[in-house]
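Welcome! Please take a moment to look over the sequence and the model shown here, and then read on for a short tour.

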Amino acid sequence: MITVLSGGTGGAKFIQGLARVIAPDELTIIVNTGDDLTWWGLHVSPDIDSVNYGLAGLLSAERGWGIEGETFACLEAARHLGLPTWFQLGDRDLALHLARTEMLRSGKSLSEATAEITRQFGITAAVLPMTNDRVETRVLTSAGELSFQEYFVRERYQPAPLGVRYSGAEVAEPAPGVLRAIAEAEGIIIAPSNPITSVGPILSLPAVREALRKTQAPIAAISPIIGSAAVSGPAAALMRCAGFEVSFRGVAATYADFLDVIIADQRDAGSARSTDVFVQFCDTIMVSNDTKDALARAALSALDRARARELALVDSGASVGASS
Ligand code: GDP
């Protein structure tokens with residue numbers, strides 16, 4: 001079993017490739033729920049939905065979220081009724097939020113609701129919310145403290161971020177299956193997701209971070225940063241405000257206590273200098289099925305190499321194991 005830690009956009013694209021390269025039922029995905037919100041009274045789990053839509057072949061390639069060919073009739077009607085519409089929900093997407101909210105209202109946990117939704121979509125990979133408890137990513141900005149969606153969608157990440165906190169994380173329990181998926185995996189991959197607001201909330205659960213430190217499985221992370229910029233979104237500003245260098249090395253540093261290998265883009269190969277973890281360079285930009293599949297294969301081969309070479313974790317001053 002391969003276990004992936006994922007956010008929404010970058011993670012969902014990566015998982016689409018991985019589910020073609022290995023049998024999907026060999027795959028467990030632990031998904032960020034720090035971005036979850038209540039919208040129009042409905043429980044929305046944007047990252048779980050992106051992963052599910054990706055696996056079900058429904059994800060909009062153009063938007064990177066929601067369903068391909070979606071309509072927005074309800075959103076338009078809601079606008080006329082004076083409801084807030086800065087967070088956009090498509091019509092078919094809305095049906096999913098209604099179904100999930102109904103399941104939660106009837107007493108199911110988010111894990112149970114997610115399992116039922118994946119079954120209905122015909123998904124055989126295990127998609128696990130990181131927790132059934134409420135953990136909320138809060139972004140402290142020059143315009144005050146905002147929820148992640150207020151910062152990202154409503155304010156289009158314009159206010160300068162000053163810090164991020166994961167409200168509720170100290171007391172949250174990992175969802176059923178999460179710790180086992182880390183302990184028993186053959187390999188663990190951290191998707192090319194935002195290290196601070198997508199992977200950070202998952203790692204903010206103390207038991208998850210501890211399990212990653214302890215597992216025998218090799219752990220690889222794919223950098224969402226190329227050169228000194230994020231492929232998309234606010235990852236660079238968020239990393240900077242958290243005190244990390246904006247580079248693949250900075251991404252590796254956010255995972256330093258458990259990471260075995262960082263997968264960085266080949267455009268960064270020239271800048272290889274001593275780093276504390278093994279580096280594998282390849283094309284990390286996912287623009288087609290072929291590039292997604294190739295990145296998935298590269299990640300699996302990085303895990304094989306990490307396993308075979310029994311690479312030490314952080315051995316400061318160690319030379320770079322660079323390869324392309
Ligand atoms: P979010 O919840 O939608 O923010 O989901 P993610 O954190 O999974 O996705 C956003 C991150 O994915 C950003 O930091 C991007 O830099 C990264 N990303 C998006 N597309 C790609 C890609 O094709 N390649 C790589 N390496 N990173 C990507």
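## A first look around

Ser111 is buried, with a relative accessible area of 13%; buried means under 20% relative accessible area, exposed over 50%, and partly exposed in between, using a 1.4 Å probe and protein chains only. This is a predicted model, in which local features need pLDDT of at least 70 and side-chain atom pairs count only at pLDDT 80 or more, while totals for chains, interfaces and linings use all residues. Residues are numbered from 1 along each chain as its sequence is written, and side-chain values use heavy atoms, with hydrogens and water left out.

Ser111 sits in helix α5 (residues 110-120). Helices (H or I, at least four residues) and strands (E, at least two) are DSSP runs, numbered from the N terminus. Setting aside residues up to four places away in sequence, Ser111 touches Pro129, Asn132, Ala175 and Pro176, where contact means heavy atoms within 4.5 Å. Helix α5 also holds Thr114, which counts as buried at 2% relative accessibility. Beyond residues up to four places away, Thr114 touches Ile48, Asn52, Val127 and Pro129.

Now to the ligand. It is surrounded by 21 residues, and the closest are Thr9, Ser193, Asn194, Ser198 and Thr284; a residue is near a molecule if one of its heavy atoms lies within 4 Å of it. By class, this shell has seven nonpolar, eleven polar and three charged residues. Here Ala, Val, Leu, Ile, Met, Phe, Trp, Tyr, Cys and Pro count as nonpolar, Asp, Glu, Lys and Arg as charged, and the others, Gly among them, as polar. Helix α1 (residues 9-21) gives the largest share of the shell, four residues.

| Residue (backbone N or O atom) | Ligand atom | Distance |
|---|---|---|
| Val231 | oxygen | 2.9 Å |
| Thr284 | nitrogen | 2.7 Å |
| Met286 | oxygen | 2.9 Å |

Taken alone the ligand exposes 590 Å², and the protein buries 95% of that. Accessible areas come from the Shrake-Rupley method with a 1.4 Å probe; for residues, only the protein chains shown count as cover.

Asn194, one of the closest residues to the ligand, also caps the N-terminal end of helix α8, with a side-chain oxygen 2.9 Å from the backbone nitrogen of Ile196. Helix α8 (residues 195-203) is mostly covered: nine of its nine residues are buried.

Leaving aside neighbours within four places in sequence, Phe14 is in contact with several residues, including Ile189, Pro192, Met286 and Leu295. Leu27, in strand β2, is buried too, at 1% relative accessibility.

How confident is the prediction? The protein averages a pLDDT of 94, and 94% of the residues score at least 70; pLDDT is the predictor's confidence in each residue, from 0 to 100. Confidence is highest in strand β2 (residues 27-31), at a mean of 99, and lowest in strand β15 (residues 322-323), at 40. Over residues 310-324, pLDDT stays under 50, and the model has 30 contacts beyond four places in sequence for them. Where pLDDT is low, the predicted coordinates should not be read in detail.

Key:
A polar contact is a pair of N or O atoms within 3.5 Å; within protein, one must be able to donate a hydrogen and the other to accept it, and residues adjacent in sequence count only if both atoms are side-chain atoms.
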